[in-house]
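Please consult the sequence and the structure shown here while reading.

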Amino acid sequence: MDDVSDPEVGVGPHPRPWPEDPKYDVELLRHGDRRNVVDRYRYWSNEAIAADLALHRRAFHVAIENWQHDFNIGTIVRNANAFQAAAVHIVGNRRWNRRGAMVTDRYVDVRHHPTIGALTSWAAEAELALIGIDLLPGSVSIVGAELPRRSVLLFGQEGPGLSRAAREACSAVLHIPQHGSTRSINAGVASGIAMYEWLRRHGG
Ligand SMILES: C[S@@+](CC[C@H](N)C(=O)[O-])C[C@H]1O[C@@H](n2cnc3c(N)ncnc32)[C@H](O)[C@@H]1O
């Protein structure tokens, strides 16, 4: 019969002698590192990983509207960590379900804005184009569209999608082409595709 028992995740206690660099976490060296981190960061403290990631962030940001506690935010934060977005901006409610983030929120710069107006002012000051990502009447396919290097990719909520205020604030609204019967894909999935497209254009 197949062995379906859980494979051991991560690495066990570090063999002696231990490395002395302060980036290493003594508890992880002693007990092992079972976190979901790439091998390069094994045994590093969370703070050391966050500081190292911060040195290599990309020029794009991502933002999501959160008026009804959108459950996709965790996935967007996880994707932002994987694709090295400069920061994630949550517009509206400050509370969000962290489960889908799989603790990557420890390493991502997550910021809050009470309204679309506040996000728009911040983006203008930071000289970032606000680009809506949604499949709406009048939206343009992301495939051939201009996708500025310095941009904030703004996602809407499950259900209503981008609010009217958000659409009006964006310099462009880009969609991911679909070919089936559903009106939209999940916002977390859309965020991964859009971030990947940014990296494909501007360098990984
Ligand atoms: C479930 S959709 C919103 C509803 C959608 N506007 C509708 O008419 O049913 C939630 C969010 O996912 C993102 N999204 C979903 N499908 C997309 C697509 N094909 N292209 C771009 N973004 C998409 C958008 O940010 C959207 O606001």
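An oxygen atom of the ligand lies 2.6 Å from a polar backbone atom of I133. Another entry concerns D134, where an N or O atom of the side chain is 2.9 Å from an oxygen atom of the ligand. At G156, a polar backbone atom is 3.0 Å from a ligand oxygen atom. The protein buries 95% of the 570 Å² that the ligand exposes when taken alone (accessible areas by the Shrake-Rupley method with a 1.4 Å probe). A polar contact here is a pair of N or O atoms within 3.5 Å.

The model is predicted: local features need pLDDT of at least 70, side-chain atom pairs count only at pLDDT 80 or more, and totals for chains, interfaces and linings use all residues. Residues are numbered from 1 along each chain as its sequence is written, and side-chain values use heavy atoms, with hydrogens and water left out.

## Surroundings of the ligand

The ligand is surrounded by 18 residues, the closest being I133, D134, I176, Q178 and I185 (a residue is near if one of its heavy atoms lies within 4 Å). By class, this shell holds eight nonpolar, seven polar and three charged residues, with Gly counted as polar.

## The protein chain

The protein chain has six helices and seven strands (DSSP runs of at least four residues, H or I, and at least two, E, respectively). Along the sequence their pattern is α-α-β-α-β-β-α-β-β-β-α-β-α.

Of the 204 residues of the protein chain, 43% count as buried, meaning under 20% relative accessible area with a 1.4 Å probe.

How values were computed: Polar contact = N/O pair within 3.5 Å; in protein donor to acceptor, adjacent residues only side chain to side chain. Buried < 20%, exposed > 50% of the residue type's maximum accessible area, 1.4 Å probe, protein only.
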